[in-house]
Amino acid sequence: ENHIALELSDVHIKCKNQSQKNHIEKQSIFLYRRFSHFGSNADAKTDQPSHSYFPFVNIFSRTLEKDENLRLIFDNINVWNEFTNRSRTFTKLEFNAQLSTRNFGLFRNPELTSPKGFQKEAEKAVRRVKLLINRIVNANTDEELKKVVKNLDRLSDVLCSVIDTAEFVRTVHPDQKFSQEANRIYEYLCSFMNSLNTNRELYQVLKRVMSTPSIYSQFSSEERQVAHIFLRDFEKSGIHLPSSDRVKFVQLSDKIIALGRKFTHSQLSKSTKIIEVEASRLDGLYTGCSTKNGDTARLSTKPWEAQMILKLIKDENIRKEMFIASNSATKEQTDLLENLLRTRGELARLLGMDSYSHIFLIDKMVKNPAKRQEIKCKELPTVNAWDRDYYTEKVKASLTQPMTPISPYFSVGSVIQGLSRLFSKLYGISFEPSEILPGETWHDDVRKLNVIDEQEGMIGTIYCDLFNRHGKYLNAAHYTVRCSRRVDDDDSIGDIPPDMDVSEIGELATPEQGVRLHGRNGRYQLPIIVLTCDFAKQKGDGKPCLLSLVEAETLFHEMGHAMHSMIGRTDFHNVSGTRCPTDFVELPSILMEHFVYSPTVLALFAKHYDTRKPIPIDLINSHLKARTQFSAMETQYQILMALLDQIYHSTLAMSPDFDTTAILANLQDSVGLFPSVPGTAWQIQFGHLFGYGAGYYSYLFCRILAGKLWKQVFEKDPLDREAGQRFRDEVLRWGGSRDPWLCVGKALQDEKIAVGDSKSVSLVGEW
């Protein structure tokens with residue numbers, strides 16, 4: 001016990017004799033198997049959840065508490081290295097492998113040890129899908145017809161398991177070979193899925209099932225919801241169109257995906273990358289924000305540098321020059337965006353719809369494009385856009401006393417620890433650090449968390465890629481790699497026709513066996529998600545990564561999505577977790593933003609990274625007061641972006657003189673607080689135009705819903721288990737399997753909202 005030393009290259013145990021060494025080696029392997037979550041949840045108990053730690057490794061079990069490990073693997077590089085070394089050592093013991101040669105593949109998928117694995121994964125998925133198509137279209141008995149919706153959902157899961165992984169890898173993986181191959185497979189399988197959405201044979205079988213009372217009446221409410229989603233997807237994909245138009249639908253859909261990726265990747269490019277000014281004119285700027293060449297200073301137009309200059313430089317002319325340069329765009333960029341928007345408009349016309357917005361909103365909470373109302377503002381003094389940040393900083397300084405920085409109380413590890421403690425109180429759910437096998441992640445900065453429910457055991461996995469690095473996608477995001485669904489009733493043997501030679505089929509995509517969850521029937525595929533942020537790591541000084549209050553809010557927001565994925569474990573893939581309407585999916589995440597500003601919640605975790613003293617209440621209050629300054633300006637900015645998104649996706653997109661820059665300028669001059677600036681094209685930086693096209697209003701809509709839920713359910717006691725259980729039972733656990741209006745209405749105990757009609761929309765507008 002006193003002389004154990006674990007080394008990556010081998011296991012050297014310094015003991016008094018060989019028998020003691022052999023005994024400890026055996027116990028090491030036994031304890032690894034006993035405490036690892038790499039396996040079934042069959043033994044999960046209500047009052048005694050399993051733990052992923054090793055009692056004989058001092059640093060993790062005897063000196064530190066469980067959730068201190070959680071904090072330190074993010075905050076202390078030595079603890080993280082120790083944890084990693086321990087993981088690799090026990091991997092070697094468990095798998096009897098040379099770690100220098102063993103690669104377990106991304107997300108422990110053995111095919112994804114190299115980029116070529118995506119091709120193999122796609123081939124296996126397509127083979128399985130073709131078997132499922134054949135099975136569905138030939139269903140002619142009641143027993144098989146009852147399985148049609150289940151088999152359509154399985155088909156979707158088989159494809160999405162590859163598509164979702166490829167979407168993440170193409171966006172985040174630092175290896176260009178990986179990202180390029182992932183993108184190729186992503187586009188190929190999306191096109192394949194689009195073609196399936198125009199398959200009339202599948203559509204006709206589904207309609208037959210839904211119109212047969214003896215079958216449909218036996219479906220659960222969840223299965224009926226899934227059936228309606230599939231039916232609507234067929235109809236939104238032009239299933240009613242002639243064959244030639246259905247082919248065109250697939251072509252246009254493929255084109256939109258390709259244009260969207262190009263648009264997203266072109267955002268960081270500026271037509272002007274550097275501006276040069278006299279160094280003597282940089283009064284107010286921090287050192288390090290510019291490079292000098294004699295009397296000339298070179299200023300980068302990258303986002304962070306531009307923001308510092310707009311906030312700090314006293315010379316208005318430099319601020320103006322930087323604003324124009326940092327919001328510049330090339331003609332190729334604006335042409336690319338307008339091509340994307342026109343193609344969406346063309347797709348809408350093909351389907352007989354007025355605009356892309358009409359297509360997008362059919363199955364959302366608001367149903368259709370709202371009439372834009374005239375916004376009348378009081379006459380205000382003109383403030384130029386390049387002066388906004390500068391004078392905002394001045395006003396903040398004049399209205400508040402200089403404040404002690406709050407970031408020392410918000411290390412990344414502390415915030416993760418606080419989220420775990422908060423979820424434990426609200427939902428009985430906590431995080432535990434998990435071992436990472438060689439090749440399992442795409443970067444050494446990635447941490448892995450097991451999500452543990454006090455009743456059900458392990459319910460999912462979260463990979464945290466939170467730190468910045470060169471070339472990394474800048475926006476914080478939640479990625480679904482694998483959805484939850486029930487798998488024990490798949491009947492995959494029935495996919496293979498009796499007269500088919502199994503040896504000629506080739507390797508098939510096969511779902512995992514799943515795990516049993518305490519208190520639930522069947523076996524479930526557990527969700528895997530990734531959270532990405534762009535937090536700045538401290539360099540070389542031993543300090544952990546420290547967050548601003550806004551950055552902590554970002555992490556709370558993304559964890560709101562994660563909890564939706566973890567708790568929304570439905571029987572069907574298509575309605576699992578965050579697979580729900582866009583104007584509902586942001587509700588759990590925006591609600592989480594309220595918690596980070598609660599002194600009660602901050603008391604759970606906000607401690608100084610070095611002294612571990614709790615955050616002073618006066619410091620909390622001063623920062624909370626500062627937070628409300630200019631909040632109306634931010635809301636108005638969000639309204640402008642939501643309006644811009646709707647206009648871009650309206651009938652105007654098909655106009656011969658469609659000009660995104662002119663539309664933005666007109667909107668800024670008519671409803672914006674700051675006049676438009678010639679020579680700028682900010683819309684190129686509006687990345688949500690692709691991912692949230694015609695749906696950006698969802699942030700404002702969900703902010704209203706979240707504000708009401710916070711005030712009515714959580715504000716009085718944000719740690720109340722009864723309140724957390726109500727939100728879990730009425731909102732989170734349903735994923736997308738229940739009408740979101742009913743979810744919100746039940747959570748608020750408001751029947752008028754639960755109805756979900758136009759009056760419900762109006763009521764929300766009045767809030």
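Me: Which residues in α9 do Ile133, Ile136 and Val137 in α5 meet?
Reply: This is a predicted model. Contact here means heavy atoms within 4.5 Å. By that test, Ile133, Ile136 and Val137 on the α5 side meet three residues in α9: Glu201, Leu202 and Val205.

Me: By class, how many nonpolar residues has the contact of α5 with α9?
Reply: The class count for the contact of α5 with α9 gives no polar residues and 1 charged residue. The number of nonpolar residues there is 5.

Me: At what angle do helix α5 and helix α9 pack?
Reply: Two packed helices are described by the angle between their axes and the distance between the axes. Helix α5 covers residues 117-137 and helix α9 covers residues 200-210. Their axes are 9 Å apart, and the angle is about 45°.

Me: Is α5 parallel, perpendicular or oblique to α9?
Reply: Angles under 35 degrees count as roughly parallel, and 65 to 115 as roughly perpendicular. The angle of α5 to α9 is about 45°. That makes the arrangement of α5 to α9 oblique.

Me: In which crossing, left-handed or right-handed, does α5 pass α9?
Reply: α5 and α9 pack with their axes 9 Å apart. The crossing in which α5 passes α9 is left-handed.

Me: Are the rings of Phe423 and Tyr427 stacked or edge-to-face?
Reply: The structure holds 25 aromatic pairs. In the pair of Phe423 and Tyr427, the ring centres are 6.0 Å apart and the planes lie at 20°. Planes under 30 degrees apart count as stacked. So the pair of Phe423 and Tyr427 is stacked.

Me: In which helix do Phe423 and Tyr427 lie?
Reply: Both Phe423 and Tyr427 are buried. They sit 4 residues apart, about one turn of the helix. That helix spans residues 412-427 and is α18.

Me: What is the angle between the planes of Tyr697 and Phe701?
Reply: Tyr697 and Phe701 lie in helix α27 (residues 697-714), 4 residues apart. Their aromatic pair is edge-to-face, 6.5 Å centre to centre. The angle between the planes is 65°.

Me: Is Phe701 buried or exposed?
Reply: Buried means under 20% relative accessible area. The relative accessible area of Phe701 is 8%. So Phe701 is buried.

Me: Which residues form one aromatic cluster with Tyr637?
Reply: The structure holds 25 aromatic pairs. Tyr637 belongs to one aromatic cluster, together with Trp682, Phe686, Tyr692, Tyr696 and Tyr699.

Me: What is the relative accessible area of His561?
Reply: His561 is found in helix α19 (residues 549-567). Leaving aside its neighbours within four places in sequence, His561 is in contact with His478, Thr578, Val585, Glu586 and Ser589. His561 is buried, and its relative accessible area is 7%.

Me: How far apart in space are Val383 and Leu673, C-alpha to C-alpha?
Reply: Val383 lies in the loop between α16 (356-361) and α17 (388-399). Leaving aside its neighbours within four places in sequence, Val383 is in contact with Leu673, Phe674 and Pro675. Val383 and Leu673 are 290 residues apart in sequence. In space, C-alpha to C-alpha, the separation of Val383 and Leu673 is 7.9 Å.

Me: What percentage of the residues in the protein is buried?
Reply: There are 31 helices and 13 strands in the protein. Of its 767 residues, the buried share is 53%.

Conventions. Residues numbered from 1 in each chain as written. Predicted model: local features only at pLDDT ≥ 70, side-chain atom pairs only at ≥ 80, totals over all residues. Heavy atoms only, no water. Axes fitted to C-alpha atoms, helices over the stretch in contact; angles between N-to-C directions. Helix = DSSP H or I, 4+ residues; strand = E, 2+ residues; numbered from the N terminus. Parallel < 35°, antiparallel > 145°, perpendicular 65-115°, else oblique. Left-handed = near helix turned anticlockwise from the far one by under 90°. Nonpolar A, V, L, I, M, F, W, Y, C, P; charged D, E, K, R; others polar. Phe/Tyr/Trp six-rings, centres within 6.5 Å; stacked < 30°, edge-to-face > 60°. Buried < 20%, exposed > 50% of the residue type's maximum accessible area, 1.4 Å probe, protein only.
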